[in-house]
Amino acid sequence: MSETTAPRPSAVIVLAAGQGTRMKSATPKVMHTIGGRSLVGHALHAAASLDPEHLVAVVRHEREKVAAHIEEQLPGIAIADQDEIPGTGRAVELGLEAVPAETEGTVVVTYGDVPLLTPETLANLVSTHEADGNAVTVLTATLEDPTGYGRIVRDAAGLVERIMEHKDAVAHAESTGDSSFVEIAEVNSGIYAFDAALLRRTLPTLSTDNVQGEKYLTDVLGLARAEGGRVASVGTDDVWEVEGANDRRQLSDLGRQLNDRVLRHWMKEGVTVIDPSSTWVDVTVQLSNDVLLKPGTQLHGTTTVGADAVIGPDTTLTDTEVGAGATVKRTDATGAVIDANATVGPFTYLRPGTVLGEDGKIGAFYETKNVTVGRGAKLSHLGYAGDAEIGEYTNIGCGNITANYDGVNKYRTTIGAHVRTGSNTVFTAPVTVGDGAYTGAGAVVREDVPAGALALNRVEQRIIDGWVVAKRPGTGSADAAEAAGADRD
């Protein structure tokens with residue numbers, strides 16, 4: 001969470017009651033994710049950066065689901081329910097009821113679908129509001145296409161006179177022929193700092209007598225001016241900060257913008273990103289200097305990567321810890337730990353509970369789950385290790401697997417240090433292999449192997465001459481065998 005130097009507001013109210021029908025989704029709009037957090041999660045983290053005395057979220061659509069999600073994001077947050085009366089004015093009125101009646105000072109209002117709004121911009125809004133003694137301060141932006149946004153109407157002194165909603169501006173133009181309001185490019189972001197007492201006086205008086213039949217929060221500005229209050233604005237040059245996501249295209253655009261910002265941040269911190277267009281890093285990921293991210297890399301959740309590590313190409317890490325100097329390529333890992341100078345990949349699948357020790361290796365076409373691999377140990381290719389502990393400097397041969405599941409229960413395999421296993425060894429758990437032991441190629445280890453022992457259980461090879469020609473006549477194999485001089489048995 002970013003720290004700010006703004007005065008501490010009395011309350012922040014986050015509006016998250018909308019249905020978001022244009023998303024065409026069973027998931028509530030504010031719960032759609034970009035950059036590792038939901039839309040409302042981003043908004044809540046920005047709001048919490050102000051360290052308000054009270055933090056409130058207003059919900060309605062899919063109330064139980066959204067409220068539970070919000071409480072997961074910020075435990076202890078107050079939840080207010082919007083009723084059947086529509087409009088942002090009503091939403092803030094109900095949100096304010098969740099704040100103690102004696103609360104004075106600044107109340108910030110923001111939205112649950114503006115994920116790129118930064119703590120710094122919110123801090124500037126609050127600082128300006130209090131320094132200038134404003135009754136209302138609105139965050140504004142100037143857009144090339146202001147369609148759909150409320151227009152900022154200013155007086156002769158340059159202060160905010162009122163905000164005219166888009167539909168009302170259009171209706172005014174159609175009825176009077178005056179399109180001046182429609183042509184205004186400076187728009188209302190919907191994000192405000194209010195005097196708390198002003199809100200308590202004016203919100204109950206708001207009317208629904210307008211084109212949309214809603215209680216407009218913007219009407220508070222006119223009421224504040226009528227009382228002699230100062231209504232001003234703070235502008236942002238970054239229009240993406242005030243963009244919301246109403247459909248999947250806008251969600252995608254916001255996701256790309258956020259990812260670009262995350263990557264620019266890490267590149268300034270000394271991370272090399274070869275191809276930003278194919279690299280995705282969540283806001284919750286932590287990277288060290290001199291990390292190299294190759295094309296096709298995706299880092300999600302609580303993933304951390306140590307200095308000088310090389311990730312990619314074509315690698316997805318989720319909630320995974322990578323140590324300094326490690327190399328991870330063409331790998332999918334979740335909930336894994338890869339220690340310093342270890343190597344993973346290519347085409348490797350690390351499932352939760354995988355811990356690879358320093359200087360260790362898990363190589364091509366390997367799958368692991370709930371396994372600890374000691375320092376310097378190698379699982380080089382073509383195998384599966386699950387529910388196992390593998391000691392330091394052990395070498396697991398090609399095609400080895402731990403048979404950890406009997407159809408009902410799972411069991412562990414323990415393999416000691418400096419063990420050498422032959423190709424295609426199967427460990428039938430539960431089984432323990434002692435330090436320094438060996439297994440022969442094709443061994444099926446069903447019993448414990450003492451330290452330093454060799455485990456073999458092969459069947460003598462039997463040759464039946466002429467079998468293919470006799471038993472598979474007319475096949476390509478039989479023809480090839482006869483051409484090579486094979487006899488019929």
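## Where Asp113 sits

Helices and strands here are DSSP runs, numbered from the N terminus. With that in hand, Asp113 falls in the loop that links strand 6 (106-111) to helix 4 (119-131). Keep in mind that this is a predicted model.

Is aspartate 113 buried or exposed? Its relative accessibility is 13%, so it counts as buried, the cut-off being under 20%. Leaving aside residues up to four places away in sequence, aspartate 113 touches Lys29, Leu39, Glu243, Gly244, Ala245 and Asn246.

## Over to Asn246

Asparagine 246 is also a loop residue, placed between strand 11 (231-235) and helix 8 (248-268). Its relative accessible area comes to 25%, which makes asparagine 246 partly exposed.

Which residues does asparagine 246 touch, again skipping those up to four places away in sequence? They are Arg22, Met23, Lys29 and Asp113. Lys29 also turns up among the contacts of aspartate 113. For asparagine 246 there is a polar contact with lysine 29 too, side chain to side chain, at 3.2 Å.

## The annotated pair

The unreviewed UniProt entry carries a "binding site" annotation that covers Asp113 and Asn246. Why can they be said to gather at one spot? They span 134 residues in sequence, but no two of their C-alpha atoms are more than 8.3 Å apart, so they do come together there. Both Asp113 and Asn246 are included in the lining of the largest pocket.

Key: Residues are numbered from 1 along each chain as its sequence is written. This is a predicted model: local features need pLDDT of at least 70, side-chain atom pairs count only at pLDDT 80 or more; totals for chains, interfaces and linings use all residues. Side-chain values use heavy atoms; hydrogens and water are left out. UniProt positions are given in the numbering used here, feature names are shortened, and annotations may be inferred rather than shown by experiment. On a 1 Å grid over the protein atoms alone, a cavity is a set of points where a 1.4 Å probe fits but cannot get out, and a pocket is an open set with protein on both sides within 12 Å along at least five of seven lines; lining residues have an atom within 4 Å of a point. Helices (H or I, at least four residues) and strands (E, at least two) are DSSP runs, numbered from the N terminus. Buried means under 20% relative accessible area, exposed over 50%, partly exposed in between (1.4 Å probe, protein chains only). Contact means heavy atoms within 4.5 Å. A polar contact is a pair of N or O atoms within 3.5 Å; within protein, one must be able to donate a hydrogen and the other to accept it, and residues adjacent in sequence count only if both atoms are side-chain atoms.
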